[in-house]
Amino acid sequence: MIGVIDVGGGMRAAYGAGVFDRCMDEGIKFDYCVGISAGSANVVSYLAGQRGRNYVFYTEYDMRDECMSFKNFVKTRNFVDLEYAYGVLSNEGGEYPLDFKAASENPAVFKIVATNAITGKPHYFDKSDMKQNDYGAIKASSCVPAVNQPYYVDGIPYYDGGMSDPIPLEKCFEAGCDKVVIVLTRPKDYERNPKKDVLATKLLTPKYPEAARAMSKRAITYNTELWLAKKYEEKGKVLIVAPDDIGEMKTLTRDKEAIDLLYHKGYNDAEAIAAFVGTKSTQRKKKSIFSKFHK
């Protein structure tokens, strides 16, 4: 069984969008798919067979104020409008609806990682937690602390899955995976600095102390899980696909040129996946990634 993990990372996840488009072009199938934050959006489009869909989101829709803006934050205390991205645009009748039927009928297992704001522990949603026009699990996984209020699913508040289980490799092996592809959105040698999480930890502490605790340990968790992934890579059980450089790109950047470059880096770097998973490349003639209507 072959697994794949997309760690997400806001707009940096355009890299993963490129990786999955290459996988679709080469007919690469994964049996066990895990998405964290924006990585879960990448994975669900891959499972639906909607090549290029995420590229349009990163380079067009996410540039809109309706999706990300301080105007949103002033109005709703949410910088990113998750309902707009994963509801208005993605539901039936939206500008680029998710082919939910195709995604749900895909035989691959799909796990979506979110962080329970009350316990601070990871929660693993799956396809059965989603319904047509109800993609709350993806919204919960993509809910960035400090810039967004928690997203509620069945009365429980959730934040970004990267807080508690950023690279859930052991989850894949426990499920029976023989090999796992890990899609990072920062260079492979990047180590997270705990100082990056101080402000978010302070903001979370009064209302969600356990979530704050998870946030305070986020750097240690990420760095430890990445170290483990590298050890498995040495044994030939993991392939880490990561950009060599992301420049000054931030999580919520709106630099379309940088996003486009990162997407193409992902597409090119994914060349290594076919050999790792034992699939002969069957790359088809490249479809246009600039039309939001291709499937």
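**Entry 1. Terms and model**

I note at the outset that helices are DSSP runs of H or I with at least four residues, numbered from the N terminus. I am working from a predicted model.

I looked up helix α6, which spans residues 100–105. The side chains of Lys 101 and Glu 105 form a salt bridge there, with 2.9 Å from N to O. I asked how far apart Lys 101 and Glu 105 are in helix α6. They are four residues apart, so about one helical turn separates them. I then checked accessibility. Lys 101 is exposed, at a relative accessible area of 53%, and Glu 105 counts as exposed at 52%.

**Entry 2. Salt bridges in the whole structure**

I searched the whole structure and recorded 12 salt bridges. I keep in mind that side chains of opposite charge can pair when their charged atoms come close.

**Entry 3. Glu 95 and Arg 64**

I next examined the salt bridge between the side chains of Glu 95 and Arg 64, at 2.7 Å from N to O. This pair links distant parts of the chain, 31 residues apart. I located Glu 95 in the loop between α5 (82–88) and α6, and Arg 64 in the loop between α3 (53–59) and α4 (70–76). Glu 95 has a relative accessible area of 35% and is partly exposed. Arg 64 is partly exposed as well, at 22%; the cut-off for buried is under 20%. I also found that Glu 60, Arg 64 and Glu 95 are joined in a network of salt bridges.

**Entry 4. Arg 254 and Asp 65**

I turned to Asp 65, whose side chain meets that of Arg 254 in a salt bridge of 3.5 Å, N to O. Which parts of the chain does this pair tie together? Arg 254 lies in the loop between β8 (238–241) and α12 (256–269), and Asp 65 in the loop between α3 and α4, so parts 189 residues apart in sequence are tied together. Arg 254 counts as partly exposed at 32% relative accessibility, and Asp 65 is partly exposed at 38%.

**Entry 5. Helices α1 and α12**

Finally, I looked up the packing of helix α1 (residues 14–25) against α12. Their axes lie 6 Å apart, at an angle of about 40°; the two helices are therefore oblique to each other. I recorded the crossing as right-handed. The contact includes Ala 14, Tyr 15 and Arg 22 from α1, and Ile 259, Leu 262 and Lys 265 from α12. By class, I noted eight nonpolar, three polar and five charged residues in this contact.

Note on methods: Residues numbered from 1 in each chain as written. Predicted model: local features only at pLDDT ≥ 70, side-chain atom pairs only at ≥ 80, totals over all residues. Heavy atoms only, no water. Salt bridge = Lys/Arg side-chain N within 4 Å of Asp/Glu carboxyl O. Buried < 20%, exposed > 50% of the residue type's maximum accessible area, 1.4 Å probe, protein only. Axes fitted to C-alpha atoms, helices over the stretch in contact; angles between N-to-C directions. Parallel < 35°, antiparallel > 145°, perpendicular 65-115°, else oblique. Left-handed = near helix turned anticlockwise from the far one by under 90°. Contact = heavy atoms within 4.5 Å. Nonpolar A, V, L, I, M, F, W, Y, C, P; charged D, E, K, R; others polar.
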